[in-house]
Amino acid sequence: MATAAIFSSLRRRRSPSLEAFLAPVDLTDVALVQTLVSVSTELVSCFSGKSLFFQRKNSRSLIRKIEVFVVLLEYLRDSGAGSALSPPTIVCFKELYLLLYRSKILLDCCVQSSKLWLLLQNHTISGHFHDLNQEISTLLDVFPLDDVELSEDVREQIDLMHKQSRKATLFIDKDEEDLRVSFFSFLDEFEKGKIPNMVDLRLFFVEGLGIKDAKSSRAEIEFLEEQIVNHEGDIEPTASVLNGFVAIARYCRFLLYGFEENEVELQIGNQKKLRKGLISQEIAETFITIPKDFCCPISLDLMRDPVIISTGQTYDRSLISRWMEEGHCTCPKTGQMLMNTRLVPNRALRNLIVQWCTAHGIPYDPPENTDSLVEAFAAAMPSKAAIEANRATATLLIHKLASGSQHAKTVAARGIRLLAKTGRENRAFIAEAGAIPHLRNLLSSTNSVAQENSVTAILNLSIHDKNKSQIMDEKGCLGSIVGVLRFGLTTEARENAAATLFSLSAVHDYKKRIADEEGAVEALAGLLRAGTPRGKKDAVTALFNLSTHTENCLRMIEAGAVTALVGALGNEGVAEEAAGALALIVRQPIGAKAVGGEEMAVAGLIGMMRCGTPRGKENAVAALLELCRSGGTVATEKVLKAPALWGLLQSLLFTGTKRARRKAASLARVFQRCENYSLHFGGLGAGYAFAGNSAPNRDSSFVNEVSVPVSISVPVL
């Protein structure tokens, strides 16, 4: 979202936003004047009738000055004087064009921003208005009035505006400043461990800011959270202070506005709200093709998550990560050796890409790891005020969970869900305050919103390791989570139940309990077969975790998990984890027999060796190796008969990762000992044998060598 940050670059020496550089090009004198008339007239018509809650005097003063420019420009257009402008006049008018658009962006910011944000930015935004006033004064200082034929009336208005601009000083509204000081005083009280007086809070939020209901309060909170994410630490007040203000606003949302029914009608899900862009169509039309600097040098496509590597070049994160994972140690563009593999986010470029996409109306999907980055950022810098305010909020919510109406409990569950999405401190004291038993009760609710919020709240709480034992020890909680996984009322509820099982199964002692819970493995297998892409991911990671416990092998076979994992080998999104789980299952003879009995198992693993990712190839060759070792002659013969196996093994021996090369060499030695080896591979044994540097014994650390990324994404809803 475009903001007044453009102007802060003048005094803080930061790169201004993209639209600050967009001036009209290749326009005749007449077209330039007409363009300026259109832009200035539109500005006046859009904002002159709007009553802003904050910055009223500053905005009215700016609009009045623009009205004078409208008079000047319309006179030039109507009199024909604009058809023969001098070069200095043209330069000044182009500067005026930029000034008008910066004015539009600042006024848009005042109209579309939340009240709390405007209050916190009161000094800064007032400074931006003053900067614009100074720019107007400078422009009029150098404007060649003598080169333009103007009527006496127009000239007098220009002279008067020039004098007023010269005399103007920075204006900060006293009432607005008093409100800002009050807001900071609440922060100070929470910082000292005290809860502000409810009367003072009501006076500030309801009377002072005019926030009359929960919907408006929620919008204020969401806007502040959006600013923390969008500015990525480059913000004033600091993100730590802003987190404290968000926590205070969230506390007051429930304290002052209650738990009314219409909250449960909220549309909840993973789709994020899109705010209307502030860049006008005129700016969008100045672009024709994707700027070269916005494209990744590897794919030549628009970058989603640009990062800088050690050579100073910028690439899309996913592509350069894969390049490095494949063993390359040079820069794709320059060929220079990489000093390290660190990837530094190119935030300035990403912000420009977002603005360009907004201007074009092009959807821009944020990088998949955005939420995890925000989570880490927020968790790394908690303030005492934020912790205390969140603790007070949790107390309110848990009280409603325990004794409120069904609708109030649903609203409270959503509040817990959002509060638990960031910060281990939040997750810790929510569980300590007794939220888990009440959330468990809501898992069986016939209200789909209540069920979805409660299971997601438990998921978010489970990420804190100490909470895992509380969830597992809570009577009936595991069974209720599995019940949501099996019969959940919404897709997201079922997916989040699977993600919760994955989170809980990170503790080895819980893996057997989860697998033994009636219907758990069957439901995970079903989700892997027929779920959404996200659901499949949640299911396969949970199954992988369960497969690391040797006693779960028979249970997974009986529940159909092996069949589901074999089928998942053809799905690029989950193939790596599926192959890793199969590699663990086939270590036991009963598992090898089950996998070997699957018609597409060997073909699927061979296909991964051919087209999979480096990790996928690693896991596939590991699974084939263990299948041959545990499945005996029959399994080995089946693998031997696979077409193109020799070429794929040879390719891995030369180009695979270190672990993949080791597994491929071990598999080659297994074939060498097979009585039908010479029949299938003739004299190609030397091609395998050269890599056989290690003993053929099975590695005791095999589980650690199965390469599967085990990360979980906390829904930010």
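Which helices do the buried residues of α30 pack against?

## Helix α30

The buried residues of α30 pack against α27 (553-558), α28 (561-567), α29 (575-585), α31 (601-611) and α32 (614-640), where contact means heavy atoms within 4.5 Å. In α30 itself (residues 589-596), the buried residues are Gly591, Ala592, Ala594, Val595 and Gly596. Buried means under 20% relative accessible area, exposed over 50% and partly exposed in between (1.4 Å probe, protein chains only).

## Basis of the model

This is a predicted model, in which local features need pLDDT of at least 70 and side-chain atom pairs count only at pLDDT 80 or more, while totals for chains, interfaces and linings use all residues. Residues are numbered from 1 along each chain as its sequence is written, and side-chain values use heavy atoms, with hydrogens and water left out.

## The chain as a whole

The chain contains 37 helices and three strands, taken as DSSP runs (helices H or I, at least four residues; strands E, at least two) numbered from the N terminus. Of its 717 residues, 53% are buried. Among contacts with a separation of 6 or more, 74% are between residues 24 or more positions apart. The accessible surface is about 32100 Å², with 52% belonging to carbon and sulfur atoms; areas come from the Shrake-Rupley method with a 1.4 Å probe, and for residues only the protein chains shown count as cover.

Arg56 lies in helix α3 (residues 56-79) and is partly exposed, with a relative accessible area of 37%. Glu156 belongs to helix α7 (residues 152-167); Glu156 is also partly exposed, at 47%.
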